[in-house]
Amino acid sequence: MKEHELIARRSPIPNTGATTIARTRSRTMRFIRQLHLWIGAWGALAAILYGSTGFMQNHRAVLKLPQGQSVELSKIELPVPEAARASPEALREWLTATQGFAVDNMRVQPPSKLVFNGQDVTPPARWTFSGGNARISWMADYSVGNATLQLRNTEQSPLVIMSRLHKSIGGGLAWTFLGDSFALAMVLLGISGLMLWARGRSARQMIFSIVGLAVVVVITVVGMAVT
């Protein structure tokens, strides 16, 4: 028997199925890595914006970080027709139709008993409406039974604008969509990051890693916050 025939017989048959799976996994991980990088680049500005404003809000009392200021531009008493006083919805429609106000938030506070100077006092129900943009905002405050409401216009400083946008106040529809894209980017960034971290690691190694520690810390902190 010839030598090359012996070598051919002794050589193992390549496992084409395993090779295909390995190539597919490799391509998948490359795609996830690129996706992780692109998402991180898109969400980098959002991370700076939300991170810095969130830090300032969390520590405004202890560290006395600057929070900006709001300047009241005007404060007037606005007569309200009787038909608009029938319900919060009616007053909201009247504000939109006659004053051109797009109401972003409506809050109805029912009457509740208070103790004032040793006496039980029940103030009337209050209806509060607000709107505007991140810089200029307005608020209408109406006490049920009154013939007028109080209307205030306020201008925000740049730091307050950033804080309002952080809480999705006054940003409008475009900011909502942008904020949603940032939020989804953070979710995908986390998922892709976990997938990259888990590559080549067993379940035990994942548990006893920084990922496992992060899970324990998050559960502990959330538990302390709700109990």
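Me: Which residue forms a salt bridge with Glu-155, and how far apart are the closest N and O atoms?

Reply: The partner is Arg-135, and the closest N and O atoms are 2.8 Å apart. Keep in mind that this is a predicted model. Glu-155 sits in strand 7, while Arg-135 belongs to the loop between strand 5 and strand 6. They are 20 residues apart, and the pair links distant parts of the chain.

Me: Is Glu-155 buried, partly exposed or exposed?

Reply: Read the relative accessibility against two limits: under 20% is buried, over 50% is exposed, and the range between is partly exposed. Glu-155 has 29%, so it counts as partly exposed. Arg-135 has a relative accessible area of 42%, which means that it is partly exposed too.

Me: How many salt bridges does the structure hold?

Reply: It holds 2. Arg-126 and Asp-141 form a salt bridge, with 2.3 Å between the closest N and O atoms. This pair also connects distant parts of the chain: Arg-126 is in strand 5, Asp-141 is in strand 6, and 15 residues separate them. Arg-126 is partly exposed because its relative accessible area is 31%.

Me: What do strand 5 and strand 6 form?

Reply: They form a hairpin, with 3 residues between the strands.

Me: How many residues of strand 5 are buried?

Reply: Start with the general idea. In a regular strand, side chains alternate between the two faces of the sheet. Now the case: strand 5 (residues 126-132) is mostly covered, with 5 of its 7 residues buried. Thr-128 lies in this strand. With a relative accessible area of 9%, Thr-128 is buried because the limit is under 20%.

Me: Which residues are in contact with Thr-128, leaving aside its neighbours within four places in sequence?

Reply: The contacts are Asn-105, Met-106, Arg-107, Met-139, Ala-140 and Asp-141. Met-139 is in strand 6. Beyond residues up to four places away, it touches Thr-128, Phe-129, Ser-130, Gln-150, Leu-151 and Arg-152. Its relative accessible area is 31%, so Met-139 is partly exposed.

Me: Which residues touch the most other members of the largest nonpolar core?

Reply: The general idea comes first. In soluble globular proteins, nonpolar side chains tend to be buried together. The largest nonpolar core here has 15 residues, and Leu-91, Trp-94, Phe-129 and Leu-149 touch the most other members. Two or more residues of this core come from each of helix 3 (88-99), strand 5, strand 6 and strand 7 (148-156). Follow Leu-91: apart from neighbours within four places, it contacts Val-80, Ala-84, Trp-127, Phe-129, Tyr-142 and Leu-149. There is also a second, separate core of 5 residues, including Leu-49, Ala-134, Ile-161 and Leu-165.

Me: Which residues of helix 4 are buried?

Reply: In helix 4 (residues 158-166), the buried ones are Val-160, Ile-161, Ser-163, Arg-164 and Leu-165.

Me: Which residues form the nonpolar patch on the surface?

Reply: An α-helix has 3.6 residues a turn, so residues three or four places apart point the same way. The patch consists of Trp-197, Ile-210, Leu-213, Val-217 and Val-221, with about 450 Å² of accessible area together. Helix 7 (residues 210-226) gives the most, with 4 residues. Ile-210 is in helix 7. At 53% relative accessibility, Ile-210 passes the 50% limit and so counts as exposed.

Me: How far apart are Thr-28 and Phe-208 in sequence and in space?

Reply: Compare the two separations. The residues are 180 places apart in sequence and 26 Å apart, C-alpha to C-alpha. Thr-28 lies in helix 2 (residues 16-58). For another pair, Met-139 and Arg-199 are 60 residues apart along the chain, with 53 Å between their C-alpha atoms.

Methods: Residues are numbered from 1 along each chain as its sequence is written. This is a predicted model: local features need pLDDT of at least 70, side-chain atom pairs count only at pLDDT 80 or more; totals for chains, interfaces and linings use all residues. Side-chain values use heavy atoms; hydrogens and water are left out. Patches are made of residues with over 30% relative accessible area and no salt bridge: like charges are joined within 9 Å, nonpolar side chains (Val, Leu, Ile, Met, Phe, Trp, Tyr) within 5 Å. Accessible areas come from the Shrake-Rupley method with a 1.4 Å probe; for residues, only the protein chains shown count as cover. A salt bridge is a side-chain nitrogen of Lys or Arg within 4 Å of a carboxyl oxygen of Asp or Glu. Buried means under 20% relative accessible area, exposed over 50%, partly exposed in between (1.4 Å probe, protein chains only). Two strands pair if DSSP finds at least two bridges between them. A nonpolar core is a set of buried Ala, Val, Leu, Ile, Met, Phe, Trp, Tyr and Cys residues joined through side-chain atoms within 4.5 Å. Contact means heavy atoms within 4.5 Å.
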